[in-house]
Amino acid sequence: MNSIARLAAAISVASLFPLSAFAADAKGTVEVVHWWTSGGEKAAVDVLKAQVEKDGFTWKDGAVAGGGGATAMTVLKSRAVAGNPPGVAQIKGPDIQEWASIGLLDSNLLKGVAKDEKWDSLLVRKVSDTVKYEGDYVAVPVNIHRVNWLWINPEVFKKAGIDKAPTTLDEFYAAGDKLKAAGFIALAHGGQPWQDSTVFEDVVLSVMGAEGYKKALVDLDQNTLSGPQMVKSFTELKKLTGYMDPNRAGRDWNIAAADVINGKAGMQMMGDWAKSEWTAAHKVAGKDYQCVPFPGTEKAFTYNIDSLAVFKVKDAGTQAAQQDLAKVALGKDFQKVFSINKGSIPVRTDMLDDMSALGFDACAQASAKDFLADDKTGGLQPSMAHNMATSLAVQGAIFDVVTNFMNDKDADPAKTAKQLASAVKAAQ
Ligand code: GAL
């Protein structure tokens with residue numbers, strides 16, 4: 001039984017409604033559980049908070065620190081078991097279906113907003129399917145992140161004698177060698193399972209291409225998971241780990257980003273929420289820093305769509321606040337300001353053709369162009385590391401294998417590929 005099913009068993013119907021739901025509340029309060037706590041991310045979520053408050057509602061901040069959201073998800077589950085879920089929570093990908101299937105999400109609440117605001121015509125099918133349960137919206141998507149980016153400090157590259165961004169794994173290692181020789185951390189990284197797997201999926205994408213990535217990490221094909229291409233992926237991952245700083249255990253992603261921003265490190269492999277830190281530090285894309293697809297992944301786009309799910313609540317004021325938040329979140333103004341702060345691109349297709357006119361920088365313009373192009377070629381794939389491709393149980397099994405591998409210098413790539421295949425099978 002997966003964890004959401006166990007959760008369902010623990011919740012009685014009577015406990016589905018938040019304790020606060022019965023309190024009288026003038027225009028309505030909405031509590032929002034999310035994990036946007038870095039400097040850049042906070043600036044982005046504050047945009048939503050300000051708009052909801054401007055509309056007269058009260059925003060109760062339910063921020064739970066911890067990149068990638070694992071801690072936030074644990075908190076959310078225990079609150080749901082205790083009969084005290086928030087009105088809104090950041091939930092992504094297939095997990096939305098699991099929460100909806102146990103009856104905790106409200107599939108009626110957003111019907112009117114979605115119709116009035118024409119959500120169906122604004123979103124690509126892949127996106128709307130993710131946030132609908134049995135045909136009805138249970139969450140509002142807020143943005144699109146691209147995961148397979150490499151962030152570069154050009155000043156550090158110059159000091160190390162590197163004249164261009166790497167476009168192949170061999171060029172990447174050559175740049176890493178020069179950075180190390182010049183006394184820099186070559187690849188800034190935080191040793192947390194979700195960050196390890198962010199790097200792993202980039203390497204799989206580089207070695208296998210989008211089709212192989214899909215077979216392995218989306219379709220979970222046993223032969224691909226244990227096959228020669230996966231062995232090669234682990235071999236490359238081992239080599240790449242050698243360019244990371246050995247004191248990385250437990251380091252948050254934004255601290256690793258700061259190492260690149262402050263000139264201590266040359267590169268970071270991270271989704272474009274990393275750009276939020278560069279923006280918060282007043283750095284300009286294309287001038288103070290470079291964003292390039294991770295070498296060998298130029299024709300692919302691993303997507304990560306943040307969305308806010310609505311929980312069933314009884315209080316009419318809270319329901320009104322939930323609806324207001326959902327309407328704001330897909331509005332044009334919010335989509336622009338939020339993504340500029342967050343490093344992402346809008347999820348509204350009517351904005352993606354127009355990125356330069358809307359004031360988005362070079363990284364965001366490239367992201368939007370590639371998103372639209374890769375949607376046509378099969379290069380557009382859901383990120384495993386960011387909850388878009390598999391259940392959380394399968395993702396957890398992959399995380400364990402990858403993190404153990406990266407922390408054991410004697411680990412064998414061939415054995416690890418076999419372990420990966422059996423761990424996935426056991427978690428399915
Ligand atoms: C991702 C999330 C992003 C960003 C990142 C770091 O899972 O989608 O919005 O917050 O984690 O925490």
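Guide: What follows treats the helix pairs, then the strands, then single residues.

The model is predicted: local features need pLDDT of at least 70, side-chain atom pairs count only at pLDDT 80 or more, and totals for chains, interfaces and linings use all residues. Residues are numbered from 1 along each chain as its sequence is written, and side-chain values use heavy atoms, with hydrogens and water left out.

Two packed helices are described by the angle between their axes and the distance between the axes. Helices here are DSSP runs of H or I with at least four residues, strands are runs of E with at least two, and both are numbered from the N terminus. Axes are lines fitted to C-alpha atoms, for helices over the stretch in contact, and angles run from 0 to 180 degrees between N-to-C directions.

Helix H10 (residues 193–218) and helix H12 (residues 228–241) have axes that come within 8 Å and cross at roughly 165°. The two helices H10 and H12 are therefore roughly antiparallel to each other; angles over 145 degrees count as roughly antiparallel, those under 35 as roughly parallel, 65 to 115 as roughly perpendicular and the rest as oblique. The crossing in which H10 passes H12 is right-handed, that is, the near helix is turned clockwise from the far one by less than a right angle. On the H10 side, the contact is made by Val199, Phe200, Val203, Val204, Val207, Met208 and Ala216. H12 contributes Gln229, Met230, Lys232, Ser233, Phe234, Glu236, Leu237 and Leu240. Contact means heavy atoms within 4.5 Å. Sorted by class, the contact of H10 with H12 has eleven nonpolar, two polar and two charged residues. In this scheme Ala, Val, Leu, Ile, Met, Phe, Trp, Tyr, Cys and Pro are nonpolar, Asp, Glu, Lys and Arg are charged, and the others, Gly among them, are polar.

A second pair is formed by helix H2 (residues 39–54) and helix H15 (residues 316–329), which pack at an angle of about 125° with their axes 10 Å apart. That angle makes H2 oblique to H15. H2 also passes H15 in a right-handed crossing. Here Leu48, Gln51 and Val52 of H2 meet Asp324, Leu325 and Val328 of H15. The classes in the contact of H2 with H15 are four nonpolar, one polar and one charged.

Turning to the strands, pairing requires that DSSP finds at least two bridges between them. Strand S13 (residues 307–310) has Ser307 and Ala309 pointing one way and Leu308 and Val310 the other, and all are buried, meaning under 20% relative accessible area, with over 50% counted as exposed and values in between as partly exposed (1.4 Å probe, protein chains only). In a regular strand the side chains alternate between the two faces of the sheet. Strand S3 (residues 88–90) runs antiparallel to S13 and is joined to S13 by three bridges, with Val310 of S13 as the bridge partner of Val88. Strand S6 (residues 139–141) likewise pairs with S13 in the antiparallel sense over three bridges, and Ser307 of S13 is the bridge partner of Pro141.

An open sheet of four strands has the order S9-S10-S8-S11 and mixed pairing. Its edge strands are S9 (185–188) and S11 (290–293), each of which pairs on one side only. Neighbouring strands of this sheet are turned by 25° against each other on average, direction ignored. Strand S8 (residues 149–152) pairs with S11 in the antiparallel sense over four bridges, and Trp149 stands opposite Pro293 in S11.

Trp149 is also one of the residues touched by Gly271, together with Arg146, Val147 and Trp151, not counting residues up to four places away in sequence. Gly271 lies in the loop between strand S10 (265–269) and helix H14 (274–280) and counts as buried at 0% relative accessibility.

Two further loop residues concern backbone geometry. Most residues other than glycine have a negative phi, and most peptide bonds are trans. Leu220, in the loop between H10 and helix H11 (222–226), has a positive phi near 60° and is buried, with a relative accessible area of 10%. Asn387, in the loop between strand S14 (380–382) and helix H19 (392–407), has a positive phi of about 65° and counts as buried at 6% relative accessibility.
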